[in-house]
Amino acid sequence: MSLHEIIDFHTHPFLDAGQNICAHIVRDTMTTDEIKPYFESLGISRICGSVIYSFLRQLEIGCSSFDPFRRLNDAALELRERLGDFYIPGFHVNPNFHEESCREIERMASLGVKLVGELVPYLHGWDDFACDSFSEIVDEIERHGMILNVHTMSEDSLDKMVMEHPNTTIVAAHPGDFGAFTRQMNRMEMSQNYYVDLSGTGLFRYGLLREGIDRFGADRFLFGSDYPICTPPVFIGGVLYDPLITEDERELILAGNAKRLLGI
């Protein structure tokens, strides 16, 4: 077990099997009650993130109203009740439902929720980070002092959104491979408030994290796993046993940066 505190900034916990997005679901028999003991056995003290589900892919009810997203957000609140301080909920907004999203920001702010996302547009019927509707939603997110966690896609529109909202705290998911990480670093230059969580692809490339730290400092990167899509021990090892990373840098990445952004 690591001697460092670890906060997993990027997870998608679930209340039931239908919300478990593990690709190898037949082998993932973990229940909601087993999530916390599993993470704690790895030395992870807290997890963050949204409850996610692809209504479009599963053709459950489509995206004709905001109701499915509100249900996911309600599930995140229920998980907070069940898991306590261990779980920091993220919630969904959707530019196809501008007014409803702004009301949801108000509701979540009143309940002490500070994290928006991870938002995964391609699962939820939109793809333009720079559209007017989403821009206004981002304005509300910034006004409430919230953190926006987004899945990295639609690179050009993401660039535009970052440039137009330099004061919004944005955490982009997944460093990506060489080309994608180059785009990530370009955006880090655009805004001092743009961070990258280390979940998903990219961290397995030797030297990638060292390059990012050398250019922007260790305080711009956060530990994340993308559980249950990905397995957390891989990402723990990618930070904890990287010989290019110092102990002070590990401390920031594994928990310090998340605590600072979340105010915990």
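Predicted model: local features only at pLDDT ≥ 70, side-chain atom pairs only at ≥ 80, totals over all residues.
**Strands, helices and one arginine**

User: How many bridges join strand 4 and strand 5?
Analyst: Two strands pair if DSSP finds at least two bridges between them. Strand 4 covers residues 115-119 and strand 5 covers residues 147-151. They pair in the parallel sense, and the number of bridges is three.

User: Which strands stand at the edges of the sheet?
Analyst: The sheet is open, with eight strands in the order 1-2-3-4-5-6-7-8 and parallel pairing. An edge strand here has a single partner strand, so one side is left without a neighbour in the sheet. The edges are strand 1 (6-8) and strand 8 (221-222).

User: At what angle do the axes of helix 4 and helix 5 cross?
Analyst: Axes are lines fitted to C-alpha atoms, for helices over the stretch in contact, and angles run from 0 to 180 degrees between N-to-C directions. Helix 4 is residues 98-110, helix 5 is residues 132-143, and their axes come within 10 Å. The crossing makes the two helices roughly parallel, a label for angles under 35 degrees. The axes cross at roughly 10 degrees.

User: What does helix 5 pack against through its buried residues?
Analyst: Buried means under 20% relative accessible area (1.4 Å probe, protein chains only), exposed over 50%, and partly exposed in between. Among the buried residues of helix 5 are Phe134, Ile137, Val138 and Ile141. They belong to a set that packs against helix 4, strand 4, strand 5 and helix 6 (155-164).

User: Which residue just after helix 5 takes a positive phi?
Analyst: Helix 5 has 12 residues and reaches 17 Å from its first C-alpha to its last. The phi just after helix 5 is about 65 degrees. The residue is glycine 145.

User: Which residues does arginine 183 contact, leaving aside neighbours within four places in sequence?
Analyst: Arginine 183 lies in helix 7 (residues 178-190). At 25% relative accessibility, arginine 183 counts as partly exposed. Contact means heavy atoms within 4.5 Å. With those neighbours set aside, arginine 183 contacts Glu155, Asp156 and Asp159.

How values were computed. Residues numbered from 1 in each chain as written. Heavy atoms only, no water. Helix = DSSP H or I, 4+ residues; strand = E, 2+ residues; numbered from the N terminus. Parallel < 35°, antiparallel > 145°, perpendicular 65-115°, else oblique. Expected span 1.5 Å × (residues − 1).
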